[in-house]
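Colleague: I would like to go through the labels on this structure and hear what each one rests on. Please show it first.

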Amino acid sequence: MAQVSVSINGRQFRMACEDGQEDHLMTLARELDGRIEGLRVKFGEIGDTRLTVMAALTLADELGEMRLRIGRLEAELAGAQEAHAASADRNKSVQAAVAAALTSAAERVESVAKKLNQSTGGNRVALG
């Protein structure tokens with residue numbers, strides 16, 4: 001495990017993280033420190049613990065909103081996938097109907113050609 005020293009709210013903390021995650025942990029610590037500083041600017045000196053709790057609550061609120069948004073997007077995606085599947089089924093049905101119509105038309109053309117060839121006797125008419 002790697003060790004990283006981060007500064008949050010003017011205090012140094014030694015943190016452990018998985019190897020390769022050092023930069024990510026430092027980025028998270030800077031983000032939290034920035035949030036705490038923003039709250040300090042907004043509300044003044046109201047105590048380190050209170051600022052930290054307020055920062056944690058704002059992060060928890062954002063996380064909750066993101067979870068709701070992800071849930072809505074997942075539902076929307078599922079609906080789009082269902083619509084796509086239904087559209088693909090309709091397309092297959094349309095293709096089958098078109099193929100059947102073309103086959104039927106070809107059979108009628110052949111039938112008409114046979115009748116014409118029979119009615120002309122020895123004079124064959126080449127159609128096609």
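Modeller: This is a predicted model. A place to start is the side of helix α1 where D23, R30, V41 and K42 are exposed.

Colleague: Which residues of α1 are buried?

Modeller: L25, A29, I36, L39 and R40 are the buried residues of α1.

Colleague: What puts them on the same side of α1?

Modeller: Around the axis they cover an arc of only 105°, which places them on the same side of α1. D23, R30, V41 and K42, which are exposed, lie on the other side.

Colleague: What do the buried residues of α1 pack against?

Modeller: They pack against β1, β2 and α2.

Colleague: Why is R40 called buried?

Modeller: The relative accessibility of R40 is 16%. Buried means under 20%, so R40 counts as buried.

Colleague: How do you know that the length of α1 agrees with its number of residues?

Modeller: At 1.5 Å a residue, its 22 residues should span 32 Å. The end C-alpha atoms of α1 are 31 Å apart, so the two values agree.

Colleague: Why is the contact between E45 and R40 called a salt bridge?

Modeller: The closest N and O atoms of E45 and R40 are 3.1 Å apart. The cut-off is within 4 Å, so the pair E45 and R40 forms a salt bridge.

Colleague: Is E45 buried or exposed?

Modeller: E45 has a relative accessible area of 60%. Exposed means over 50%, so E45 is exposed.

Colleague: What joins E45 and R40 to other residues in one network?

Modeller: Salt bridges that share partners do: R11, E37, R40, E45 and D48 form one network. The structure holds six salt bridges.

Colleague: What makes D48 and R11 a salt bridge?

Modeller: Their closest N and O atoms are 3.5 Å apart, and the limit is 4 Å. This pair links distant parts of the chain, with D48 in helix α2 (residues 48-119) and R11 in strand β2 (residues 11-17), 37 residues apart.

Colleague: Why is D48 called partly exposed?

Modeller: D48 has 30% relative accessibility.

Colleague: How many residues apart are R35 and E31?

Modeller: Four, about one turn of the helix, and both lie in α1 (residues 22-43). R35 forms a salt bridge with E31, with the closest N and O atoms 3.5 Å apart. R35 is partly exposed at 22%, and E31 is partly exposed at 39%.

Colleague: How do you know that β1 and β2 pair?

Modeller: β1 (residues 2-8) and β2 are joined by seven bridges, in the antiparallel sense. At least two bridges are needed, so the strands count as paired. V4 stands opposite M15 in β2.

Colleague: What do β1 and β2 form, and how many residues are between them?

Modeller: They form a hairpin with two residues between them. N9, in the loop between β1 and β2, has a phi near 55°, a positive value in a residue other than glycine.

Colleague: Is N9 buried or exposed?

Modeller: The relative accessible area of N9 is 14%. The limit for buried is under 20%, so N9 is buried.

Technical notes
Residues numbered from 1 in each chain as written. Predicted model: local features only at pLDDT ≥ 70, side-chain atom pairs only at ≥ 80, totals over all residues. Heavy atoms only, no water. Salt bridge = Lys/Arg side-chain N within 4 Å of Asp/Glu carboxyl O. Buried < 20%, exposed > 50% of the residue type's maximum accessible area, 1.4 Å probe, protein only. Expected span 1.5 Å × (residues − 1). Arc of directions from axis to C-beta. Contact = heavy atoms within 4.5 Å.
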